[in-house]
Amino acid sequence: MRLAKPIPIFRIFDETLARAFYRDYLGFSVVWEHRFDPAAPLYMEIERDGATLHLSEHSEDATPGATARVAVDDLRGFHAELSAKPYRYARPGIVSQPWGVDEMKISDNFSNALIFFQER
C-alpha cells in the first residue's frame with residue numbers, strides 16, 4: 001500500500017476573489033471545476049508545480065482559517081515573482097525560523113493561509 005500526499009480543501013466565499021488570489025497572484029492553474037447546477041456552489045482543483053489544492057464554496061467541505069504548508073525549492077525566487085505582481089492584498093515577506101527553515105506565509109481573502117517553506 002502507498003499513501004499519496006493529502007490534498008487540502010480551502011473554503012472560499014467569492015469565486016472572483018479566489019481566482020484573483022490563487023490563479024492570477026500565486027500562479028496556480030485550474031485543473032477542473034464542478035457545480036451541480038449553474039446556481040450551485042463551486043468546487044475546483046488547482047495545481048502549481050506539483051502542489052494541489054481544492055477550493056470549495058460548499059459550507060460543509062471546510063472551515064475558513066485553515067493553513068497548509070508547501071515545500072518549495074526556490075523560496076526567494078518565488079518571493080521575487082510575487083513581489084513583482086501588483087496584488088494589493090498581500091505583501092509577504094520571508095522569515096528565517098530557528099528550526100532551520102525559511103517561510104513565507106500568505107493569507108487569502110477567506111482567512112486561509114499557505115506557508116511556503118524551504119529548508120536552509
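**View 1. H54 is a buried residue.** H54 has a relative accessible area of 10%, so it counts as buried (under 20%; exposed is over 50%, partly exposed in between; 1.4 Å probe, protein chains only). The model is predicted: local features need pLDDT of at least 70, side-chain atom pairs count only at pLDDT 80 or more, and totals for chains, interfaces and linings use all residues. Residues are numbered from 1 along each chain as its sequence is written, and side-chain values use heavy atoms, without hydrogens and water. H54 belongs to strand 4, which covers residues 51-56; strands (E, at least two residues) and helices (H or I, at least four) are DSSP runs numbered from the N terminus.

**View 2. The surroundings of H54 include E45.** The side chains of H54 and E45 are joined by a polar contact of 2.8 Å (N or O atoms within 3.5 Å; within protein, one able to donate a hydrogen and the other to accept it, with residues adjacent in sequence counting only if both atoms are side-chain atoms). With neighbours within four places in sequence left aside, H54 is in contact with I7, P8, I9, F10, W32, Y43, M44 and E45 (heavy atoms within 4.5 Å). E45 also has H54, in strand 4, as its bridge partner.

**View 3. Four strands form an open sheet in the order 1-4-3-2.** The pairing in this sheet is mixed; two strands pair if DSSP finds at least two bridges between them. Strand 1 (9-11) and strand 2 (29-34) are the edge strands, and each pairs on one side only. Neighbouring strands of this sheet are turned by 25° against each other on average, direction ignored. Six bridges link strand 3 (residues 43-48) to strand 4 in the antiparallel sense.

**View 4. An open sheet of four strands has the order 5-8-7-6.** Its pairing is mixed. The edges are strand 5 (67-71) and strand 6 (95-96), each of which pairs on one side only. Strand 7 is largely enclosed by the rest of the structure, because five of its seven residues are buried. Helix 2 (residues 75-83) lies across strand 6, strand 7 and strand 8, and runs at about 30° to strand 7.

**View 5. Strand 6 and strand 7 form a hairpin.** These strands run antiparallel and are joined by two bridges. S96 stands opposite D102 in strand 7. Four residues lie between the two strands, and in the turn G100 has a positive phi of about 95°.

**View 6. Strand 7 and strand 8 form a hairpin.** Strand 7 (residues 101-107) and strand 8 (residues 113-119) are paired antiparallel over seven bridges. In strand 8, L114 is opposite I106, and I115 is opposite K105. The hairpin has five residues between its strands. S111 in this hairpin takes a positive phi near 75°.

Technical notes:
Axes fitted to C-alpha atoms, helices over the stretch in contact; angles between N-to-C directions.
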